[in-house]
Amino acid sequence: MKTLVISDIHANLTALDAVLQDAGKYDQVWCLGDLVGYGPDPNQCIDRLRDLPNLTCLLGNHDAAALGLIEVDAFNYDARRSLNWLSTELTTFSRRFLEMLPAKVALDGITLAHGSPRNPVWEYVMDHNVARANFDKYETTACLVGHTHIPLVFTQSPDSGSTVFYQEDEHQFKAETKCIINPGSVGQPRDRDPRASYLVYDDVTRMWQNHRVAYDFRIVQERILDARLPIKHAHRLGEGI
Ligand code: ZN
């Protein structure tokens, strides 16, 4: 069975469609949250996701803020502007979809969380200290997280430390010891590569493979400006920051 793993779409329908086309055939989809925030197409992205086969979708911090579950004051100025815009844009239908999303699940022997296993909505697994503190907070070998928008893999080392590697485009790897895997971001990559990032997992070979796909970020930038969303969120799409 082939599983498509995506995260941090951030209302970027053009990037999401590029990923869905590039991924080819897959049997199920795991989405690690942050469907909305920053981008111009929140309702369209939710509609597209709902139609995907065997979807498991998590709640991200931007999704939680859109529902009023997190104070917008917890976000920086531009993210707050985007969230305020979102509060008038989200349809009742989209809101109901977000309201049903869990913060963390374990399925097929893998744990899924948006941020980290111990703090699923908010914590960033960005360094060895945070990775080490989280290895004991989930039961499975592999844990998938999003939130940082950077495709890193932290692996627990025999001395209970951690090692880390960056997933290059088309990089394949196996998860044989405890690890925390980030697929990178579909709609707002932050590793200085503007291409959309995603993972494919094959449960027969037990291999994970990262993929990058270019999309026309200029038309998304135009839609961001047309919606009068912060110009910074348009610029960063072209830089991958
Ligand atoms: Zn995000």
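Mentor: In this predicted model, the largest pocket holds about 160 Å³ of space. Its lining consists of Lys2, Asp22, Ala23, Gln172, Tyr198, Val200, Asp202, Thr205, Met207, Trp208, Gln209 and His211. By class, 5 of the lining residues are nonpolar, 4 are polar and 3 are charged. Three elements give at least two lining residues each: helix H1, spanning 13–23, strand S11, spanning 196–202, and strand S12, spanning 207–213. Of the elements, S12 supplies the largest share, with 4 residues.

Now the metal site. The zinc ion has protein donors from Asp8 (OD), His10 (NE2), Asp34 (OD) and His149 (NE2), at 2.1 to 2.3 Å. Along the sequence these donor residues follow the spacing D-x1-H-x23-D-x114-H. Asp8 and His10 are both buried. The angles among the 4 donor atoms run from 85 to 175°, and the site is classed as irregular.

Val130 belongs to helix H6, residues 128–134. Val130 counts as buried because its relative accessible area is 15%, under the 20% cut-off. Beyond its neighbours within four places in sequence, Val130 contacts Glu123, Tyr124 and Val125. Between Val130 and Arg48 there are 82 residues in sequence and 33 Å in space, C-alpha to C-alpha.

Technical notes
Residues numbered from 1 in each chain as written. Predicted model: local features only at pLDDT ≥ 70, side-chain atom pairs only at ≥ 80, totals over all residues. Heavy atoms only, no water. 1 Å grid on protein atoms, 1.4 Å probe; cavity = no way out; pocket = protein on both sides within 12 Å on 5 of 7 lines; lining within 4 Å. Points joined across faces, edges and corners; volume = space filled by probe spheres on them. Nonpolar A, V, L, I, M, F, W, Y, C, P; charged D, E, K, R; others polar. Donors = N, O, S within 2.8 Å, 3.2 Å for Na, K, Ca; no water. Tetrahedral: all angles 85-135°; square planar, octahedral: opposite > 155°, others 65-115°. Buried < 20%, exposed > 50% of the residue type's maximum accessible area, 1.4 Å probe, protein only. Contact = heavy atoms within 4.5 Å.
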